[in-house]
Amino acid sequence: MVKQLLHGFKLLAGGLRSMCATRNDTVLVVIDMQPRFLPDRGDTSSPEAMRALAGVAREIVRARRRGMPIVLVEYRRYAPTHPYLMKLLTEPHYGRHRVVRKGQMDGSKAVLFACRAMGLGRPRRFRVCGTYTHYCVEETVLGLSRKRPQDVVEVVTSACTDPSGNRWFAFIPACTGANVSLV
C-alpha cells in the first residue's frame, strides 16, 4: 500500500513538473531583423517597417516579462539587428539574450549553439519569429524540427513578415514532423 502511494506521488510530481514550465523551457528565436531585410530598410517612419518591427517587439517584451532566453540570429556581412529591437534588450539591460551569426538561410545550428553558450541545457520549446518568412524563418524552423524532433517549434505568425506576403498555407511542407505549429 505504501509502495503504491509513493509511486502515485512520483507520477503526480512528474506530471506537475512537465506542466509547470521553467523559464529555460522556452526560447524566443528572432530571425534576421536587420535593417537590410526589413521593408523600407527598417526606416521607423515607414508604416510597413514599423509593422514588421512591432510584432517582434511584442514577442521580445513578452519573453522579457517571463524571463525567457532570447536568441537573435543575424545574417553575416550585414548590419546588426535593428536598433529599435536591440534597445528593448539593452535599455534596461537584459542579460538573457545572445546574438549569433549565420552564413546560410537555416539558422538552427546557430540557435542551438547559443542555447549551449547560455547554459540552457535542453529547452523543450522554441518560439520563432522574424523576417523573410518563406526563406530564413522557414529554413530555421525546419532545421530545428529535424535537429530536435522531440521539442516543439512554434512559429509566431503575428511576428513574421515577408516582402512577398505571408502565405501560411504553403509554409511547412507536408513531410515535416508534428513538432511544428503556427501560433
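## Helix pairing

In this predicted model, the axes of helix α2 (residues 47–66) and helix α3 (residues 83–90) come within 10 Å. They cross at roughly 15°. Angles under 35 degrees count as roughly parallel, so α2 and α3 are roughly parallel to each other. The crossing of α2 past α3 is right-handed.

From α2, the contact draws on Met50, Leu53, Val56, Ala57, Ile60, Val61 and Arg64. From α3, Tyr84, Leu85, Leu88 and Leu89 take part. By type, the residues of this contact are ten nonpolar, no polar and one charged.

## Aromatic pairs

The whole structure holds five aromatic pairs. One of them joins Phe37 and Tyr75. Their rings are 6.1 Å apart centre to centre, with 50° between the planes, and the pair is tilted. Phe37 sits in the loop between β1 (26–31) and α2, whereas Tyr75 belongs to strand β2 (residues 70–75). The two residues are 38 apart, and the pair links distant parts of the chain.

Phe37 is buried at 12% relative accessible area. Tyr75 also counts as buried, at 17%.

Tyr132 lies in the loop between β4 (125–131) and α5 (133–147), so the pair ties together parts 95 residues apart in sequence. Tyr132 is partly exposed, with a relative accessible area of 23%.

Ring pairs link Phe37, Tyr75 and Tyr132 with Tyr78 and Tyr135 into a cluster.

Key. Residues are numbered from 1 along each chain as its sequence is written. This is a predicted model: local features need pLDDT of at least 70, side-chain atom pairs count only at pLDDT 80 or more; totals for chains, interfaces and linings use all residues. Side-chain values use heavy atoms; hydrogens and water are left out. Axes are lines fitted to C-alpha atoms, for helices over the stretch in contact, and angles run from 0 to 180 degrees between N-to-C directions. Helices (H or I, at least four residues) and strands (E, at least two) are DSSP runs, numbered from the N terminus. Angles under 35 degrees count as roughly parallel, over 145 as roughly antiparallel, 65 to 115 as roughly perpendicular and the rest as oblique. A crossing is left-handed if the near helix is turned anticlockwise from the far one by less than a right angle, and right-handed if clockwise. Contact means heavy atoms within 4.5 Å. Ala, Val, Leu, Ile, Met, Phe, Trp, Tyr, Cys and Pro count as nonpolar, Asp, Glu, Lys and Arg as charged, and the others, Gly among them, as polar. Rings of Phe, Tyr and Trp (its six-membered ring) pair if their centres lie within 6.5 Å; planes under 30 degrees apart count as stacked, over 60 as edge-to-face and the rest as tilted. Buried means under 20% relative accessible area, exposed over 50%, partly exposed in between (1.4 Å probe, protein chains only).
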